Amino acid sequence: MTNIISSSSISPLICCFVFFFWLGHGGALGMQHSAAAINGADKIRSQFLHLLRTRRSPQVPLTVEPSKPVRHPLFQQVPTPTFSEAMESCPKADIKNLKERLKEENFYLRTEAGKQGRLPVLILSLNDSKQKRRPAVVFLHSTNKNKEWVRPLLEAYASREYIAIAIDSRYHGERAHNLTTYRDALVSSWIKGDTMPFLFDTVWDLIKLADYLTQRKDIDPKRIGITGESLGGMHAWFAAFVDTRYAVAAPIIGVQGFRWAIDNDKWQARVDSIKAVFEEARIDLGKSAIDKEVVKKVWDRIAPGLASIFDSPYSIPAIAPRPLLILNGADDPRCPLDGIKTPTKRARKAYAKAHSSNNFKLIVQPGIGHEMTSLMVKEASDWMDRFLKQ
């Protein structure tokens with residue numbers, strides 16, 4: 001059975017953008033009035049929403065289609081991971097027979113037309129909770145993994161009276177069909193320029209997910225948090241930036257400076273994580289090796305604005321005054337600390353201006369590279385409790 005979500009659920013941010021887009025096309029006077037009517041954060045959000053809409057397939061009603069649990073989830077890496085100490089370390093309530101008391105929901109949320117517009121969702125919650133409306137937390141997986149991988153975290157949050165949600169990001173999990181689906185999608189994006197599989201397309205899904213979550217009767221729409229690891233940390237960062245319905249954010253090993261990495265020749269580790277698309281671009285551009293010109297052209301093609309107007313110095317401060325915790329490793333080559341000095345400085349200024357300095361925090365774990373640790377998981381969990389359980 002497919003359930004249709006009413007049109008009233010469509011993001012108010014999107015409606016806001018449509019208004020300003022229409023106003024802007026009314027002439028120079030309209031442009032001046034619209035620019036004066038919104039602050040810098042709202043303006044950059046509307047620009048980002050405009051970008052997302054330029055590469056969307058035809059819009060369809062937001063619908064829910066029930067599905068079954070995935071028994072053998074697809075991982076796009078060899079060997080297949082089997083255990084994560086960090087995943088298992090998330091604080092749990094002391095509940096006997098917890099697994100038997102969990103309610104599991106599996107369904108597809110239709111976010112747009114086409115195969116990738118079918119968003120697989122996994123939700124865990126306590127089936128005998130006495131709370132009418134509970135806080136919710138979305139946890140997003142890293143590259144080549146899937147929503148089932150983060151199940152230990154979902155169980156931990158659910159034990160503490162959260163509605164715990166995970167999705168498969170674009171070209172991952174149920175949205176992939178072999179070990180190279182994500183890699184192939186990135187290469188195709190460079191060649192055709194019609195999709196944004198690196199970050200931005202999944203952010204569109206997260207906007208639609210917020211449409212759905214805010215309509216559920218068991219979720220307090222003002223208490224929805226978002227976090228994630230690596231790729232999932234980047235998704236959490238951009239979803240919190242663009243959609244203010246994500247009230248609290250805690251990106252883990254995700255926040256970085258894309259333009260800073262290009263300018264300071266520190267792009268290699270990030271490029272190596274999805275190297276196939278950069279190799280394809282190198283060949284097309286007639287280069288003997290990947291260099292900063294190749295890197296910039298790839299970002300501009302597959303994620304326009306990622307290394308410019310939507311980069312962390314601009315999008316991170318735009319999350320203020322909502323609570324934001326950034327968790328990074330001191331020795332992470334993909335997220336170099338020097339690359340986030342400017343965004344954190346600007347964020348502190350933005351939070352101070354909003355009289356919300358306590359809502360921003362950066363935790364850097366010494367001696368840690370690109371790795372989500374048990375400490376990071378606990379700090380993110382405590383951050384959610386601090387702001388979502390008041």
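Mentor: Begin with burial. Buried means under 20% relative accessible area, exposed over 50%, and partly exposed in between, with a 1.4 Å probe and protein chains only. Tyr162 is buried here, with a relative accessible area of 0%. This is a predicted model: local features need pLDDT of at least 70, side-chain atom pairs count only at pLDDT 80 or more, and totals for chains, interfaces and linings use all residues. Residues are numbered from 1 along each chain as its sequence is written, and side-chain values use heavy atoms, leaving out hydrogens and water.

Trainee: How many aromatic pairs does a search of the whole structure find?

Mentor: The rule comes before the count. Rings of Phe, Tyr and Trp (its six-membered ring) pair if their centres lie within 6.5 Å; planes under 30 degrees apart count as stacked, over 60 as edge-to-face and the rest as tilted. The search finds 17 aromatic pairs. In one of them, Phe107 and Tyr212 are tilted, with 5.1 Å centre to centre and 55° between the planes.

Trainee: Which parts of the chain does that pair link?

Mentor: Helices (H or I, at least four residues) and strands (E, at least two) are DSSP runs, numbered from the N terminus. Phe107 is in strand β3 (residues 102-110) and Tyr212 in helix α8 (residues 200-213), 105 residues apart. Phe107 is buried at 4%, and Tyr212 is buried at 10%.

Trainee: What kind of pair do Tyr157 and Tyr162 form?

Mentor: Edge-to-face: 5.3 Å centre to centre, 90° between the planes. Tyr157 is buried, at 2%.
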